[in-house]
Amino acid sequence: MAKKKEEENKKKHIPVVTKKSLQFFEKYINNPAPTGYEWEGQKLWLDYLKPYIDESFIDNYGTAVGVINPKASYKVVIEAHADEISWYVNYITSDGLIYVIRNGGSDHQIAPSKRVNIHTEKGTVKAVFGWPAIHTRHGEKEEAPQLKNIFLDCGCTTKEEVEKLGIHVGCVITYEDEFMVLNDRYYVGRALDNRAGGFMIAEVARLLKENKKKLPFGLYIVNSVQEEIGLRGAEMIAQRIKPNVAIVTDVTHDTTTPMISKITQGDLACGKGPVVSYAPAVQTNLNKLLIKVAEKNDIPFQRQASSRSTGTDTDAFAYSNGGVPSALISLPLRYMHTTVEMVHKEDVDNVISLIYESLLNIKAEQDFREFS
Ligand SMILES: [Zn+2]
């Protein structure tokens with residue numbers, strides 16, 4: 001009895017991602033897109049998006065924008081960020097080891113024993129994050145991996161050898177871990193934060209085209225660069241587009257895995273649907289529209305509260321151009337900023353559906369002010 005009721009209460013799940021779109025997603029995730037060096041990923045993304053848009057453009061730092069109805073004066077943005085956290089070569093020792101600094105919030109704790117790609121003008125050079133053997137650490141107080149003690153070994157024993165491979169200070173470094181599907185339920189990979197977002201907004205454009213939907217406004221599908229170092233790409237493109245509305249998608253923490261406090265981080269889980277955010281940067285009436293659309297369409301959703309800003313590109317859009325009504329739809333994710341970021345397939349479908357249905361419910365020239 002209880003079980004039956006539970007099943008009845010479970011919102012129906014409508015698959016959105018197709019075999020063909022999944023092929024693109026895998027290729028897009030496996031392509032490195034370090035912050036500040038997103039070009040190759042942006043090309044892949046635009047190639048996928050092009051059949052579904054009227055025109056596109058790129059800004060000076062590489063933010064890519066697909067536009068539907070470019071002549072419309074009322075402009076709605078749907079946005080995600082394209083960049084992947086990485087490392088920079090910072091110091092090459094005389095015996096050929098390499099010390100690094102962060103490019104974005106790369107996690108020193110997961111570095112030892114990882115394989116990496118160092119991106120050089122001459123192509124990709126392989127290296128590994130070495131670490132002293134457990135035997136040699138015996139009896140001593142364990143030293144945790146920190147920025148000051150993690151190092152790369154690219155198989156060279158002198159600085160000159162390293163340089164001969166094309167490696168110099170300022171080369172960027174990404175992990176080599178690739179996309180996989182776990183238990184037919186989770187997508188796993190590097191930088192699903194937030195390339196899952198770029199994928200989802202492209203899928204929204206695909207649905208609009210395939211379902212022959214006409215929007216009464218201009219739609220700007222924006223894949224911003226440089227989010228991981230402070231929302232910089234979004235800041236730049238918000239000034240250029242000057243939108244009337246912005247719906248941003250990014251990832252948020254699944255808090256049901258070990259060592260995360262629900263008391264401070266909230267109670268959010270993969271598989272339970274898109275996450276809507278409550279924060280001063282999120283415009284109340286736009287947020288209400290998202291929630292109404294979710295309820296009307298039986299799309300499950302979760303709620304998250306943030307002090308002040310959201311820490312996502314939402315803030316960059318909200319506080320641009322004298323204030324742009326902005327909202328955030330987050331995708332719950334496990335193990336953020338590791339190489340095994342995990343998101344639930346159904347959540348990906350549901351974020352796409354929620355953005356899509358929300359667009360269909362925004363009217364031309366809609367005014368989101370509480371009163372005027
Ligand atoms: Zn991130």
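Asp193 is buried, having 26 other C-beta atoms within 10 Å; a residue counts as buried if 20 or more other C-beta atoms lie within 10 Å of its own, as exposed if 12 or fewer do, and as partly exposed in between, with C-beta atoms placed from the backbone. The model is predicted: local features need pLDDT of at least 70 and side-chain atom pairs count only at pLDDT 80 or more, whereas totals for chains, interfaces and linings use all residues. Residue numbers start from 1 along each chain as its sequence is written.

**Annotated binding site**

- In an unreviewed UniProt entry, the annotation "binding site" covers Asp193, Glu228 and His337; UniProt positions follow the numbering used here, feature names are shortened, and annotations may be inferred rather than shown by experiment.
- These residues span 145 residues in sequence, yet no two of their C-alpha atoms are more than 10.3 Å apart, so they gather at one spot.
- Asp193 belongs to helix H5; helices (H or I, at least four residues) and strands (E, at least two) are DSSP runs, numbered from the N terminus.
- Beyond its neighbours within four places in sequence, Asp193 contacts Val251, Leu333, Met336, His337 and Glu341, a contact being two residues whose C-beta atoms, placed from the backbone, lie within 7 Å.
- Glu228 sits in the loop between E12 and H6 and is buried, with 25 other C-beta atoms within 10 Å.
- With neighbours within four places in sequence left aside, the contacts of Glu228 are Thr35, Asp83, Ile85, Gly104 and Gly105.

**Annotated active site and strand E12**

- The "active site" annotation of the unreviewed UniProt entry covers Glu227, which is located in the loop between strand E12 (218-224) and helix H6 (232-241).
- Glu227 counts as buried because it has 28 C-beta neighbours inside 10 Å.
- Not counting residues up to four places away in sequence, Glu227 touches His81, Asp83, Asn194, Gly233, Ala234 and Asp313.
- Ser224 lies in strand E12 and is buried, with 33 other C-beta atoms within 10 Å.
- Contacts of Ser224, not counting residues up to four places away in sequence, include His81, Gly233, Ala234 and Asp313.
- A distance of 28 Å separates the C-alpha atoms of Ser224 and Lys114, which are 110 residues apart along the chain.

**Domains**

- The protein comprises domain 1 (2-84 + 190-360) and domain 2 (86-175), with bounds taken from an automatic or database domain assignment.
- The domain centres, taken over C-alpha atoms, are 33 Å apart.
- Contacts between the domains involve 12 residues of domain 1 and 13 residues of domain 2.
- On the side of domain 1 that touches domain 2 there are 4 nonpolar, 5 polar and 3 charged residues; Ala, Val, Leu, Ile, Met, Phe, Trp, Tyr, Cys and Pro count as nonpolar, Asp, Glu, Lys and Arg as charged, and the others, Gly among them, as polar.

- Helix H10 (residues 345-360) has 16 residues and reaches 23 Å from its first C-alpha to its last, close to the 22 Å expected at 1.5 Å a residue, where the expected span is 1.5 Å times one less than the number of residues.
- H10 is mostly covered, with 13 of its 16 residues buried.
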